[in-house]
Every structure is written in C-alpha cells, then in structure tokens.
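Dear colleague,

Please find below the structure for your review.

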Amino acid sequence: MTQFTRRGALALPLAGLAAPALGQGAWPTRPIRIVVAFGTGGGTDITTRVLAPKLSEILGQPVVVENRPGAGGTLGADYVAKQPPNGETFLLATVSNMALAIPLYGSRLPYDPVRDFVGIAPTVFIPIGMAASTKLGVNDAAAFIALLKANPGKYSYGSAGAGTSGHIASSAFLSRIGATAEHVPYRNPGQTYLALQQGEIAFTSDIPSILAPFHRAGTAKLMFVATDERSPHAPEVPTAREVGLGDYKAYSWYGIYGPAGTPQPIVARMAAAIEQALADPAIGRRFDEMGTPAMRGWSPERFSDFLKSEIALWVPLVQASGARAD
C-alpha cells in the first residue's frame, strides 16, 4: 500500500439519522460488559471509560469495562463473538480488528466481522500522526525520512499490536517512502510510548493528542499528522501533504458491536443510549480535548453498512502493502 486514500476526519458522515427512543423495555436487568480488545492506557480504553459511567446512568445498570488485549485486538473480538447474544457483553472495536485483520490474518482469523457481530453504533473518529524518538537526532520530517531511507532495516517502529491501525499506518508510510524497518508489537499502548521515549523504537503512529505531550516534553517529536488539516493539539506540526507525502492518510474509528443474534430491541436501545451519551456536553468536550471527535447520528443499519465499505476499502490496500500479522 502506497497511500491511505480514504476521506479525512471532517469528511466522515458524522451526522444523519435520528436515534430511536429508548423506550421502557425490560433490558437491561443485569450488569453490562464492554470488552476493550486492547490494553489499558490507550485510546480505546480511555474512550470506553469515558462513556461507561454515562451509559450506566442511562441504562440503569453497571457498565463494566474489561480489557482483553492481544493479537492486534483479535483475541478480545473473538471472545465477544462467542458470547451469548443476550445484551450482557459488547465489544469496543476498531478498524483494526473489524477490517484490517481480515487480510492480515487470513484464514487464521477466528471470526467473521460481518457474520459474527451486529453493529450498534460508532463512538469516535481517530486521526493519526507519526512521532519519532528524539534519540534519533532528527528535527523534521525530511531528515527523518532521509535517515530511514539511508538505513534500510536498521530501525524499528512500535504499535499496540500486529494489525492495528498504528501498525498499518507505519507500514504504509514505509512503503510510501521506499524504506524498511522492523515492526515491534506491544501488548499495552503505554509500553509503546515508553519505548519511543527511551529510544528502543525509532517511531510510532498514534493519536496526535496522545503523542503531543511527549512532543512538548522533548522526549519524542511529532513529524506530521496524516490528516487533511493540522491538529489543534499540535498546530505547529505539518500535515503529511506538507512534508511531501502527497495524499497519504491514516485514521481509525471506534465503535460498539454485539454478538450476532443480539435481539433488535436491545440493539436499538443500546444504540440510543450511546447516542445520548455522546450528546452529553461534558463527554463531547472530553473527546474534543482528546482530539477524537464523536461520531453522532448513526443508526445501527448505517453503521453496519459503513463496516462493509471499510472492509471493501482496506482489504485490497493492506494486501498491496504486504503487511502481515506477526
């Protein structure tokens, strides 16, 4: 894959259909689990923990966040796919384990993202930027790219796991500039950030707002953001186009899924609860602070169709990139 050709954050269809009324059905009568298929401290974990208390308030039952990391988010996804479709277990999924994993794992992927899940609602859109360790001694993207191209295979890059959006973003970047580097997957995002600051890896791709504090502290340097516009969290950092990478794009999104067979009334009520939570001003401000805008106004049907379009987009691009699950 030589580029990310998908639309940028502001072009995603974030507004649209009105959410259905919550109604007064019997569900839920027991605590609800939202499984995060990645480790603590990363964007998926933070996003879910921001939403969980409000969802608990809306639904009248405890909403518990459970981390089940591993294999680029596929272990947690497979776990949820095999749970009873009774509205007690949901998955916080990403483009990684619902689309990118298909070509990365091939026949080894133990679930079918379309067949084994029902889409509930998206939560936030995730822009991606690239940061290099300051221990590389480079101060801008031109020097960074030149260093990688002059030293094929010498450096490594980290991600939260094989097949994550960070992995694919970095792999696509290397393909774009004609360089090679070793991929180092970490089980916990915090481990990736520590490795970056200590110089154990040369670079990583992640949410600009998460990388910005390291950038400001001087322990890592944001090279560019892979979006159409500069990030408000680091406005001095150029876009990929501004550093000569053309229309290279990288992004992700997070969304809630249930096991296939989850009854439609439960799907509708959970979707409406998520929409109500995202509409809360405090939650909206928190997500804006994180640099991950809420994706509001989506029906479950629209979200399911969106996943199919994402699969159609990313499968051939990942295949062209040559990236494989480690």
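A cavity here is a set of grid points where a 1.4 Å probe fits but cannot get out, and its lining residues have an atom within 4 Å of a point. Please bear in mind that this is a predicted model.

By that rule, the second largest cavity is lined by Ala121, Pro122, Ala271, Ile274, Glu275, Leu278, Met295, Gly297 and Trp298. Helix α8 contributes the most, with 4 residues. By class, the lining of the second largest cavity divides into 7 nonpolar, 1 polar and 1 charged residues. The space inside the second largest cavity is about 40 Å³.

In total, there are 3 cavities of 30 Å³ or more. The largest cavity has a volume of about 290 Å³. Its lining comprises 23 residues, of which Ala160, Thr164, Ser165, Asp206 and Tyr254 are the closest to the centre. At least two lining residues come from each of α1 (43–59), α5 (165–177), α6 (189–198), β8 (203–206) and β10 (251–259). The lining of the largest cavity consists of 8 nonpolar, 14 polar and 1 charged residues.

I turn next to the salt bridges.

The side chains of Glu66 and Arg33 form a salt bridge, with an N to O distance of 3.1 Å. This pair links distant parts of the chain, since Glu66 belongs to strand β2 (residues 63–67) and Arg33 to strand β1 (residues 32–36), 33 residues apart. Arg33 counts as partly exposed because its relative accessibility is 21%, buried being under 20%.

Arg176 and Asp247 also meet through their side chains, at 3.6 Å from N to O. Here, too, distant parts of the chain are linked: Arg176 is in helix α5 and Asp247 in the loop between β9 (220–225) and β10, 71 residues apart. Arg176 is partly exposed at 26% relative accessibility, and Asp247 is partly exposed at 28%.

A further salt bridge joins Arg230 and Glu242, whose closest N and O atoms are 3.0 Å apart. Both residues lie in the loop between β9 and β10, so the pair ties together parts that are 12 residues apart in sequence. Arg230, at 37% relative accessibility, counts as partly exposed, as does Glu242 at 48%.

Finally, salt bridges with shared partners connect Arg33, Glu66 and Arg68 in one network.

Yours sincerely

Note on methods
Residues are numbered from 1 along each chain as its sequence is written. This is a predicted model: local features need pLDDT of at least 70, side-chain atom pairs count only at pLDDT 80 or more; totals for chains, interfaces and linings use all residues. Side-chain values use heavy atoms; hydrogens and water are left out. On a 1 Å grid over the protein atoms alone, a cavity is a set of points where a 1.4 Å probe fits but cannot get out, and a pocket is an open set with protein on both sides within 12 Å along at least five of seven lines; lining residues have an atom within 4 Å of a point. Grid points are joined across faces, edges and corners, and a volume is the space filled by probe spheres set on the points. Ala, Val, Leu, Ile, Met, Phe, Trp, Tyr, Cys and Pro count as nonpolar, Asp, Glu, Lys and Arg as charged, and the others, Gly among them, as polar. A salt bridge is a side-chain nitrogen of Lys or Arg within 4 Å of a carboxyl oxygen of Asp or Glu. Buried means under 20% relative accessible area, exposed over 50%, partly exposed in between (1.4 Å probe, protein chains only).
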